[in-house]
Amino acid sequence: MAAVPKQTTMAIKSYKNQAQMLVKNYLLADPFAPYTSILGGILACKVVYDLTDLISSFYIKTYPSLTKIQRVDWNNRGISTTHAIFVSALSLYFVFWSDLFSDPHLTGLMVFRSSQLSTFGLGVSLGYFFSDLAMTLWQYPALGGIEYVRIFSTRNALWHTLYLFVYLVTVVIHHLLSGTAVAYSMFTGEAQLYTYMVLISEVTTPEIHLRWYLDTAGMKRSTAYLINGVVIFIGWLIARVLLFGYMFYHVYLHYDQVIKMHAFGFVLVFGVPSALGILNLMWFGKIIKGLAKTLAKRRSWTKELDSEN
């Protein structure tokens with residue numbers, strides 16, 4: 001094997017050092033880190049979308065038979081699931097395991113603490129919110145809108161259009177509220193603990209998408225579909241109902257710190273979780289009805305099988 005010329009080796013090392021300096025002094029430097037993480041989140045969405053399409057084409061039998069818009073929805077849910085796993089794991093770490101917000105010996109008030117990792121994680125999440133909202137608006141009402149109307153099924157054209165509009169407004173409000181809170185917390189370093197507490201709710205997203213995947217794959221009568229429904233109910237109750245209550249209790253205990261935040265951040269701490277909490281309770285009611293409906297159908301299918309036997 002021929003030896004690499006010394007001049008070539010030196011050139012490679014030079015380019016490597018320049019790349020490291022670029023990353024250290026610009027991309028990951030404090031002034032640029034938020035923007036870099038946002039851009040990284042957007043690019044990661046594109047990569048995950050393409051990988052989901054590629055992997056599904058080879059390993060999911062029903063994928064090639066899906067319509068074009070179903071494939072778009074399928075791949076978009078792959079992005080959402082990946083983001084949910086990433087941000088919920090990071091949120092659980094910061095809220096329950098990291099000393100960043102819990103160590104009393106660290107300097108500064110808890111509501112003003114942040115780190116490069118916590119800021120980076122919020123930037124990636126913000127990049128996802130931008131991408132997901134853009135995709136939803138671009139493909140509206142195909143992405144999720146039709147499914148929303150199916151939940152509140154009606155043959156009346158006026159109500160059909162109204163439900164689609166309500167779905168769009170709900171998605172836009174959710175993304176704008178979440179994106180505003182994440183962006184403010186990322187750029188100012190305020191209330192990052194409470195931002196991550198709210199982001200823990202993303203832990204329920206993979207189960208929601210799995211429900212759609214199982215339905216699309218024709219596995220609605222499977223045991224996996226039923227188990228997933230129960231997991232959604234438990235996860236939603238813990239992460240999107242009880243945890244929000246705990247967050248407000250934590251704010252109450254540390255109100256002497258929260259009151260020292262800027263006025264806009266103070267409003268966000270109370271306003272965004274309250275609005276999202278109301279939406280979560282509304283959807284929790286639908287989840288309960290859906291689970292009850294699934295269990296009832298399961299019983300009827302079991303009776304039919306028993307009668308046939």
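Me: What share of the 309 residues in the chain do buried residues make up, and what makes a residue buried?

Reply: Buried residues make up 40% of the chain, where buried means under 20% relative accessible area, exposed means over 50% and partly exposed lies in between, with a 1.4 Å probe and protein chains only. This is a predicted model, in which local features need pLDDT of at least 70, side-chain atom pairs count only at pLDDT 80 or more, and totals for chains, interfaces and linings use all residues. Residues are numbered from 1 along each chain as its sequence is written, and side-chain values use heavy atoms, with hydrogens and water left out.

Me: Why is S80 called buried?

Reply: The relative accessible area of S80 is 7%, so S80 counts as buried. S80 sits in helix α3, and, leaving aside neighbours within four places in sequence, S80 is in contact (heavy atoms within 4.5 Å) with Y128, T205 and H209.

Me: What makes a set of residues a nonpolar core, and which residues have the most contacts inside the largest one?

Reply: A nonpolar core is a set of buried Ala, Val, Leu, Ile, Met, Phe, Trp, Tyr and Cys residues joined through side-chain atoms within 4.5 Å. The largest has 43 residues, and those with the most contacts inside it are Y194, Y196, V258 and V269. The elements that give this core two or more residues include α2 (33-59), α7 (192-199) and α11 (263-308). Apart from it lies another core, of 5 residues, among them Y63 and W212. Y194 touches M110, V111, M247, H250, V251, H254, V258 and V269, not counting residues up to four places away in sequence.

Me: What makes a space a cavity, and what is the volume of the largest cavity?

Reply: On a 1 Å grid over the protein atoms alone, a cavity is a set of points where a 1.4 Å probe fits but cannot get out, and its lining residues have an atom within 4 Å of a point. The structure holds 1 cavity of 30 Å³ or more, and the largest has a volume of about 300 Å³, a volume being the space filled by probe spheres set on points that are joined across faces, edges and corners. Of the 25 lining residues, the closest to its centre are A181, Y194, T195, V198 and V272, while α11 gives the most to the lining, with 7 residues.

Me: How do you know which stretches are listed as "transmembrane region"?

Reply: The list comes from an unreviewed UniProt entry, and residues 78-97 and 193-214 are among those listed; such annotations may be inferred rather than shown by experiment. In the model, residues 78-97 are 100% helix, with end C-alpha atoms 28 Å apart, whereas residues 193-214 are 77% helix, with end C-alpha atoms 35 Å apart.

How values were computed:
On a 1 Å grid over the protein atoms alone, a cavity is a set of points where a 1.4 Å probe fits but cannot get out, and a pocket is an open set with protein on both sides within 12 Å along at least five of seven lines; lining residues have an atom within 4 Å of a point.
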